[in-house]
Amino acid sequence: MNLVDCRDCPRLVAWREQTAREKRAAFRDETYWGRPVPSFGEERALILLVGLAPAAHGGNRTGRMFTGDRSGDFLYRALHAAGLANQPDSIAIDDGLTLIGCRVTAAVRCAPPANKPTPAEIEQCSQWLLPELAIERRVVVALGAIAFRAVLRLAPRLGWLLPRPLPKFGHGAEVAVDKGPRLLASYHPSQQNTFTGKLDQEMLVAVLRRAAAVAGFA
């Protein structure tokens, strides 16, 4: 089964398709993607960024991770500032954006209601995250606590040896994983975090520059 044909989570399928039909007024003339959203960037990139899930009117509309919503605007500006993207704007799938040495994916590939996937949906969708993590990377950047925990849960299946006690999520956290990549963490670039100042551009750029340094780009 191809990712874009996946219908394993009935609640997510119903929501992504309802959103694609009803649309937001500002996008009423657009055709929504309305399917699972593929990863974006070079397949074997040395840096993998793992987000939570596509936004209902962002990735679920445009068909590209973190594209067409405020979270994506924030993320790609930071990637550009860190030298990991050719431009700061992420508007549509054909806008010319190219990633440099990194790839963007998510713990869940369909837009969830209220941006809150269930634990069962996260586990079901791990069938798509696992192959991304199985590719040899130097760095994995978890954007948010849910993505961080999703990566940790898959570590045993990948043969990664985590430190004990298990690392806790926190912005700027860095975990050396035996037989695996370096794991970095950032607050998720959600509007809840960026509008309140919990996460600002400088904080996210610092994590991304650290990822680039660990990957050997700087």
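By class, five nonpolar, one polar and two charged residues make up the lining of the second largest cavity, where Ala, Val, Leu, Ile, Met, Phe, Trp, Tyr, Cys and Pro count as nonpolar, Asp, Glu, Lys and Arg as charged, and the others, Gly among them, as polar. These residues are Ala107, Ile122, Glu123, Ser126, Leu129, Ala150, Arg153 and Leu154. A cavity is a set of points, on a 1 Å grid over the protein atoms alone, where a 1.4 Å probe fits but cannot get out, and lining residues have an atom within 4 Å of a point. The model is predicted, so local features need pLDDT of at least 70 and side-chain atom pairs count only at pLDDT 80 or more, while totals for chains, interfaces and linings use all residues. Residues are numbered from 1 along each chain as its sequence is written, and side-chain values use heavy atoms, with hydrogens and water left out.

The second largest cavity has a volume of about 50 Å³, a volume being the space filled by probe spheres set on the points, which are joined across faces, edges and corners. Two or more of its lining residues come from each of α4 and α5, with α4 giving the most, four residues. Helices (H or I, at least four residues) and strands (E, at least two) are DSSP runs, numbered from the N terminus.

Helix α5 covers residues 145–158, and its end C-alpha atoms lie 20 Å apart, in agreement with the 20 Å that its 14 residues should span at 1.5 Å a residue; the expected span is 1.5 Å times one less than the number of residues. Ala147, Phe148, Ala150, Val151, Leu152, Leu154, Ala155 and Leu158 of α5 are buried, that is, under 20% relative accessible area (1.4 Å probe, protein chains only). They pack against β2 (47–51), α4 (119–134), β4 (139–143), β5 (174–175) and β6 (182–186), contact being heavy atoms within 4.5 Å. Glycine 159, with a positive phi near 80°, follows α5.

Strand β4 is largely enclosed by the rest of the structure, because five of its five residues are buried. Val139, Val141 and Leu143 point one way, and Val140 and Ala142 the other. Strands pair if DSSP finds at least two bridges between them. β4 runs parallel to β2, joined by four bridges, with valine 141 as the bridge partner of leucine 49. With β6, β4 pairs in the parallel sense over five bridges, and alanine 142 stands opposite alanine 185 in β6.

Note on methods: Buried means under 20% relative accessible area, exposed over 50%, partly exposed in between (1.4 Å probe, protein chains only). On a 1 Å grid over the protein atoms alone, a cavity is a set of points where a 1.4 Å probe fits but cannot get out, and a pocket is an open set with protein on both sides within 12 Å along at least five of seven lines; lining residues have an atom within 4 Å of a point.
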